[in-house]
Amino acid sequence: MSHLLEPVGLSADDSTVYLYLLSRPHSVSDGIAHAVQLTPGRVRACLRRLMDAGLCHRFTGPPECYVAAPPDVALAPLLRRRAEALDGLRAQSWELAVRARAASCGPGGLIETITGQDAVLRKIAELELGARREVCVIDSPPYLQGPIRNSNELQALARGVRYRAIYHAPGLTAPGSAAVLEQYIAAGEQARSLPWAHLKMLLVDRRYALVPLSFASRDATVRLLVGSSPVLDAVLIAFESLWDRATPLGRSVTATRRAGALEARDREILRLMAAGLKDRAIARALGLGERTVIRRVQALMASLDAATRFQAGMQATRRGWLDTTSSDLIHPPGAAHE
């Protein structure tokens, strides 16, 4: 407890004097000095700092004495001011990082190459934690590491950063992916999906884009950091175009699950539809006739009010008609938006 006031910028001696005043109100400075074993001069300096911070009050004598302000009242404004100061420092550090990066790149240096798994993961964390307004994501394989909860996103959402994410649809049926995705959506993420989404990217505040060196390559350990430039403008246009075409994903409500109302065969057909399989492939996978599959697909699409097969799969997922934990597909969403 001797460093109680350190988070608000006061010293250990200040904390000692304040704690003593809480237990011994109306104390005189010489008595405090004797009790806490500090020199009278140091105690008087501590008392001045505590009064300036609103943590104690002086009553003129005789004798002149001091009373501590209640901590639940006095500490709140100090903590608020310190939080505001930290927010300001965070913003300034982001601006300084931008300037430093621009200076290191030199004139015309618009693109920086990030190489290696650790370096890429550090850059992703730096960008997400430094975001101030909006983060846009296209989430698709390959991933640098296994599926984990993206705490960087959850922190950013908690401080008001807007997140828009487009997911590679086959990954949405991977084991555990639905629960991870619902956690993001519950925290405020706006999520959509596409049957394919291979233009893997991370966009921050419309000022930076982190993209693979090649969209055709399976190497996820080399990324390009793109700064403000016509290249960045093109990446932003590409994201917005895909966002407009993507299907919105909403949080499913367990109470409205109706999976039990479907036959097991229909659930399997819907699951394979959501994964992008055609009628012939579904028929072969389930050992059914192709005409039977065609009839069942048409009936399911009508019941889901879906215009396309992909919409039918997504509608079924949102309504809780699919058991997403039973899929054998891989690459679930939420792998730290790698």
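Accessible areas here come from the Shrake-Rupley method with a 1.4 Å probe. On that basis the protein chain of this predicted model exposes about 17,200 Å², of which carbon and sulfur atoms supply 55%.

## Overall organisation

The protein chain contains twelve helices and ten strands, and 43% of its 338 residues count as buried. When contacts between residues at least 6 apart in sequence are considered, 72% of them join residues at least 24 apart.

## Two helix pairs

In the pair formed by helix H10 (residues 279-286) and helix H11 (residues 290-303), the axes come within 8 Å and cross at roughly 115°. Because angles of 65 to 115 degrees count as roughly perpendicular, H10 is roughly perpendicular to H11. The crossing of H10 and H11 is right-handed. On the H10 side the contact is made by Asp279, Arg280, Ile282 and Ala283, and on the H11 side by Glu290, Val293, Ile294 and Val297. By residue class, the contact of H10 with H11 comprises five nonpolar residues, three charged ones and no polar ones.

In the pair formed by helix H6 (residues 151-158) and helix H7 (residues 177-187), the axes come within 10 Å and cross at roughly 20°. Since angles under 35 degrees count as roughly parallel, H6 is roughly parallel to H7. The crossing of H6 and H7 is left-handed. Glu153, Leu154 and Leu157 of H6 make the contact together with Gln183, Tyr184 and Ala187 of H7. The residues in the contact of H6 with H7 divide into four nonpolar, one polar and one charged.

## Buried positions

Apart from neighbours within four places in sequence, serine 193 is in contact with Tyr167, Leu172, Ala246, Thr247, Leu249, Phe310 and Met314.

If neighbours within four places in sequence are set aside, tyrosine 18 is in contact with Leu4, Leu5, Leu50, Leu55, Ala68, Ala69, Pro70 and Pro71.

## Exposed loop positions

Glycine 276 belongs to the loop between helix H9 (264-274) and H10, and at 52% relative accessibility glycine 276 counts as exposed. The C-alpha atoms of glycine 276 and phenylalanine 310 are separated by 7.0 Å, while the two residues are 34 apart along the chain. Phenylalanine 310 is also among the contact partners of serine 193.

Histidine 26 is placed in the loop between helix H1 (12-23) and helix H2 (29-36), where its relative accessibility of 52% makes histidine 26 exposed. Its phi is positive, at about 60°, although histidine 26 is not a glycine. Glutamine 37 is placed in the loop between H2 and helix H3 (40-52), and with a relative accessible area of 73% glutamine 37 is exposed. Glutamine 37 also has a positive phi of about 60° without being a glycine.

The C-alpha separations given in the text are gathered below.

| Residue pair | Separation in sequence | C-alpha to C-alpha distance |
|---|---|---|
| Glycine 276 and phenylalanine 310 | 34 residues | 7.0 Å |

Notes. Residues are numbered from 1 along each chain as its sequence is written. This is a predicted model: local features need pLDDT of at least 70, side-chain atom pairs count only at pLDDT 80 or more; totals for chains, interfaces and linings use all residues. Side-chain values use heavy atoms; hydrogens and water are left out. Helices (H or I, at least four residues) and strands (E, at least two) are DSSP runs, numbered from the N terminus. Buried means under 20% relative accessible area, exposed over 50%, partly exposed in between (1.4 Å probe, protein chains only). Contact means heavy atoms within 4.5 Å. Axes are lines fitted to C-alpha atoms, for helices over the stretch in contact, and angles run from 0 to 180 degrees between N-to-C directions. Angles under 35 degrees count as roughly parallel, over 145 as roughly antiparallel, 65 to 115 as roughly perpendicular and the rest as oblique. A crossing is left-handed if the near helix is turned anticlockwise from the far one by less than a right angle, and right-handed if clockwise. Ala, Val, Leu, Ile, Met, Phe, Trp, Tyr, Cys and Pro count as nonpolar, Asp, Glu, Lys and Arg as charged, and the others, Gly among them, as polar.
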